[in-house]
Amino acid sequence: MSEAPDIATPRVSVPRFDDTARSLAAHLATLPADELARLLRVNRTLAAENHRRYTLFHDAGVPAAAALAAYSGIVFRYLDPGSFSAADFEYAQQHLHITSFLYGLLRPLDAIRPYRLEGDVVIPGGGQAPFDFWPARLTPVLLDAVRRDDNVLVNLASGEMKRLFDWRRLAREVRIITPEFRVREGERLRTVVVYTKMCRGAMARSILRNRPEDPEQLKAFEWEGFRYDPAASRGDRWVFTLG
């Protein structure tokens, strides 16, 4: 996450679960840096940084930034929100959902503070890990959002994020399209994590910029040689291959 994002957004909004995130952060702020290092499985430097983040989480002087500007991982770099127009941000606000172990489910313009958390960390005072805490809270929220849209969810999150929801219920009640990105090596298809992350960001960007009305239009997506491969695809598991 960027401590001082340089991406301007037209506005910010309040996260749906802002009070919950503040409560979870308050519990994490009670932990010494050594305990955070153990829970987050990070070195002392990163533990100290995140101890500072949680200690200052409720400080009015610590700036909050729109989620789409605050996250700086590979997926978000290839989503490239810095090139978005005000209209692109507003469209994203209505259609893009960002999973978060601390904030649950975010909209792109939701104002968030820097943090680090893993899905299997049992949070002191809460007694549950995010993977156990969030599903009952997030599933109906995401279902309502998808139903209000077109009843189609394009799943571009990493596999572990499904554990933040009752995924079986989601799959029963809305259509879920899961793009996969593979590299062809002879007769074999291989997943290269960094390419997958790049492609997820690029596809999300393509959706937000082009605003397709028919899911089938997503099959025309191409990026750096990755193209839809009908032979490798099954049902709504759409495989895009390189090579």
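Helices (H or I, at least four residues) and strands (E, at least two) are DSSP runs, numbered from the N terminus. The model is predicted, so to speak plainly: local features need pLDDT of at least 70, side-chain atom pairs count only at pLDDT 80 or more, and totals for chains, interfaces and linings use all residues. Residues are numbered from 1 along each chain as its sequence is written, and side-chain values use heavy atoms, with hydrogens and water left out.

**Exercise 1.** Find where Val-239 lies and work out whether Val-239 is buried or exposed.

*Solution.* Start with the strand: Val-239 sits in S9, residues 237-242. Next, check the relative accessible area, which is 2%. Buried means under 20%, exposed over 50%, partly exposed in between (1.4 Å probe, protein chains only). Val-239 therefore counts as buried.

**Exercise 2.** Say which element gives the largest share of the lining of the second largest pocket.

*Solution.* Begin with H9, strand S6 (175-185) and helix H10 (193-210), each supplying at least two lining residues. Now pick out S6, which gives the largest share, six residues.
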